[in-house]
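Q: I've got this one open on my screen. Walk me through how it packs, please.

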Amino acid sequence: MSLLQLLTALTPIASIFLFLVVFRMPAVKAMPLCFAVFAFLAWSTWGIHLKQMAAATLEGWVIALSILIIISGALLLLNVLRACGALDSIRSGFFGISPDRRVQAIIIAWFFGAFLEGAGGFGTPAAIVAPLLVVLGFPSLAAVALALIADSAPVSFGAIGTPVLVGIGQGVPGIEYAELRTIAVTAMSIDFFVASFIPLMMTLLLTRLFGANKSWREGFQIWPFALLSGVMFTAPAWLVAKYIGVEFPSLIGALIGMLIMVFVARHGWLLPKQPWRFATDPPLSELTEVNHSAAVIPLWQAWLLYVSAALLLVLSRLSMLPLKSALLSFQWLWANILGTNISSSLAPLYLPGTLFAFVACVTCIVFKTSKQQTLYAVKKTVESLWPAAIALGSSVPMVRIFIHSGVNDNSLNAMPTELANQAVDGLQAHWPFFAPLIGALGSFVAGSSTFSNMMFSGLQMEAAEALNLSPSLILALQLLGSNAGNMVCVMNVVAAAAVVHLTGKEGHIIRLTFGPMLIYCGAVGVVGWLVSRIFPFT
């Protein structure tokens with residue numbers, strides 16, 4: 001691979017960082033420019049066939065459509081819940097748990113987000129959690145950043161274990177379920193020492209960047225509650241991974257942790273006496289009066305709508321139930337697009353967004369939402385989609401060309417493989433430290449932990465065997481790194497920005513989440529490196 005070809009392979013990463021983060025261009029302008037530059041270089045330098053590029057682009061548009069369906073469903077549900085008054089009740093209920101914004105961020109972003117990740121995955125948590133935080137009064141930028149940072153560790157077992165079962169399962173052909181379970185337990189063992197600190201990281205970022213005093217200390221004041229919140233997810237998730245399987249650690253861990261920490265928060269245990277608030281928040285006395293008069297419907301009914309959506313997600317993902325096969329029976333398959341080896345499929349009824357839209361329709365009927373309110377909710381949803389459609393319509397095809405670049409005139413492997421091989425050759429002695437970064441790179445460009453694991457698990461396995469390292473350890477590091485990449489994944493950032501009307505601020509969002517992503521990857525790498533030194537082959 002020549003220097004020019006190396007630069008071409010780095011273009012999707014470098015151009016996104018340059019245009020979005022450095023030049024601060026909105027994604028609606030930056031991503032079409034990134035796509036145009038990369039497509040030209042991929043054809044002229046890498047030698048990718050034009051038909052292959054066209055097929056990859058078409059596949060990318062199908063994937064982008066699926067992401068838009070998720071966004072639209074989440075937005076429609078949110079707008080309908082606002083119209084029927086459910087969000088006022090939910091807002092009142094959270095202030096009843098604790099008026100402390102740090103506690104609200106942990107309960108909603110960390111626990112409820114993890115529950116949604118375990119149930120649905122594929123961008124669902126950020127699309128639901130970020131606007132819910134905004135409804136509670138969080139700044140939009142803070143809401144998106146917190147949602148993305150929290151949606152990291154739970155991704156290992158998102159969508160009923162898809163990143164492990166499908167991602168690593170297809171990335172390492174022939175791997176047995178028992179081996180996948182060992183990888184899952186290894187990942188959770190490492191995450192117990194790393195992810196348990198994520199809630200504290202969230203509160204530090206919240207008070208430092210969005211508090212009136214710009215204080216680290218105010219975020220650290222809540223460390224007992226934040227640290228216990230981290231452990232109350234990672235410990236149950238570890239137990240589930242070890243004794244039940246890889247499908248439910250995030251789902252059950254989040255549910256157990258949320259129930260325990262809501263109880264702790266209601267009693268004010270482990271919390272400072274003075275709740276932390278935003279400078280623009282009203283006094284607590286006024287807030288209490290507003291809350292008692294704000295609830296239009298009972299709190300349990302309001303939450304029942306969200307719980308119904310989450311439960312429907314869970315039921316639709318269980319293979320032993322007929323619902324999954326019924327939803328998947330309506331599927332559009334586009335095989336061998338333009339005569340290439342690229343195929344794509346779309347099962348619209350199975351997507352989380354469709355299920356959210358169904359709950360929204362039922363909500364309109366049950367709560368007798370007026371025709372005018374319903375049409376307004378639909379209009380607000382559609383208006384929010386166009387900028388996201390342009391950004392995703394450029395970014396996703398660029399990623400698919402990047403992944404399918406193995407068909408070329410220069411006998412090169414696909415770009416992700418070539419880049420990873422270069423990394424393995426140059427970093428052999430310290431591979432356990434850098435393995436998570438490969439996983440994060442995969443999620444950043446591919447838009448999914450599952451895709452990252454499919455791309456790089458085989459390479460990580462080969463590196464482990466060549467360097468006489470534990471394959472389970474290295475694949476666990478790949479899995480955790482792909483979680484970290486979820487914080488800065490362009491597709492997630494674009495989707496989350498769209499649902500809180502921050503389109504054009506994608507670069508700013510990545511700047512906020514890039515540091516936590518590196519910290520997570522670095523901490524996982526350090527633990528992995530130490531384990532590899534103590535137990536060279538376990």
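A: One term before we start: buried means under 20% relative accessible area, exposed means over 50%, and partly exposed is in between, with a 1.4 Å probe and protein chains only. This is a predicted model, where local features need pLDDT of at least 70 and side-chain atom pairs count only at pLDDT 80 or more, while totals for chains, interfaces and linings use all residues. Residues are numbered from 1 along each chain as its sequence is written, and side-chain values use heavy atoms, with hydrogens and water left out.

Q: OK, is Ala265 buried or exposed?
A: Ala265 counts as buried, because its relative accessibility is 4%. It is found in helix α13, residues 249-266. Helices here are DSSP runs of H or I with at least four residues, strands are runs of E with at least two, and both are numbered from the N terminus.

Q: What is Ala265 in contact with?
A: Leaving aside neighbours within four places in sequence, Ala265 is in contact with Ile97, Val103, Phe225 and Leu271. Contact means heavy atoms within 4.5 Å. Val103 is 162 residues from Ala265 along the chain, yet their C-alpha atoms are separated by 7.4 Å.

Q: Phe225 came up there. What does Phe225 touch?
A: Not counting residues up to four places away in sequence, Phe225 touches Val103, Ile106, Ile107, Met261, Val264, Ala265, Trp269, Leu270 and Leu271. Phe225 is also among the residues with the most contacts inside the largest nonpolar core, along with Ile71, Trp110, Tyr306 and Tyr520.

Q: How many residues has that core?
A: The largest nonpolar core has 190 residues. A nonpolar core is a set of buried Ala, Val, Leu, Ile, Met, Phe, Trp, Tyr and Cys residues joined through side-chain atoms within 4.5 Å. Helix α3 (residues 50-84) gives the largest share of this core, 16 residues.

Q: At what angle do α3 and α6 cross?
A: The axes of α3 and α6 (residues 124-135) cross at roughly 30° and come within 9 Å. An axis is a line fitted to C-alpha atoms, for helices over the stretch in contact, and angles run from 0 to 180 degrees between N-to-C directions. So α3 and α6 are roughly parallel to each other; angles under 35 degrees count as roughly parallel, over 145 as roughly antiparallel, 65 to 115 as roughly perpendicular and the rest as oblique.

Q: Which residues meet there?
A: From α3, Ile70, Ala74, Leu78 and Arg82 meet Thr124, Ala127, Ile128, Pro131 and Val135 of α6. By class, that contact has 7 nonpolar, 1 polar and 1 charged residues. Ala, Val, Leu, Ile, Met, Phe, Trp, Tyr, Cys and Pro count as nonpolar, Asp, Glu, Lys and Arg as charged, and the others, Gly among them, as polar.

Q: Next pair: are α9 and α12 roughly parallel or roughly antiparallel?
A: α9 (177-194) and α12 (223-243) pack at an angle of about 160°, with axes 9 Å apart, and are therefore roughly antiparallel. On the α9 side, Arg181, Val185, Met188, Ser189, Asp191 and Phe192 make the contact, and α12 brings residues including Val231, Trp238 and Tyr243. By class there are 9 nonpolar, 2 polar and 3 charged residues in the contact of α9 with α12.

Q: And how does α8 pack with α9?
A: α8 (residues 158-171) packs with α9 at an angle of about 115°, with their axes 11 Å apart. That makes α8 roughly perpendicular to α9. Val164, Leu165, Ile168 and Gly169 of α8 meet Tyr177, Leu180 and Ile183 of α9.

Q: How many residues of α7 are buried?
A: 10 of the 11 residues in α7 (140-150) are buried, among them Leu141, Val144 and Ile149. The buried residues pack against α5 (101-119), α6, α10 (198-210), α23 and α24.

Q: Switching topic, what about the phi of Arg24?
A: Arg24 has a positive phi of about 55° although it is not a glycine. Arg24 sits in the loop between α1 (3-22) and α2 (27-46) and counts as exposed at 57% relative accessibility. His501 has a positive phi too, near 60°, and lies in the loop between α23 (490-499) and α24. At 54% relative accessibility, His501 counts as exposed.
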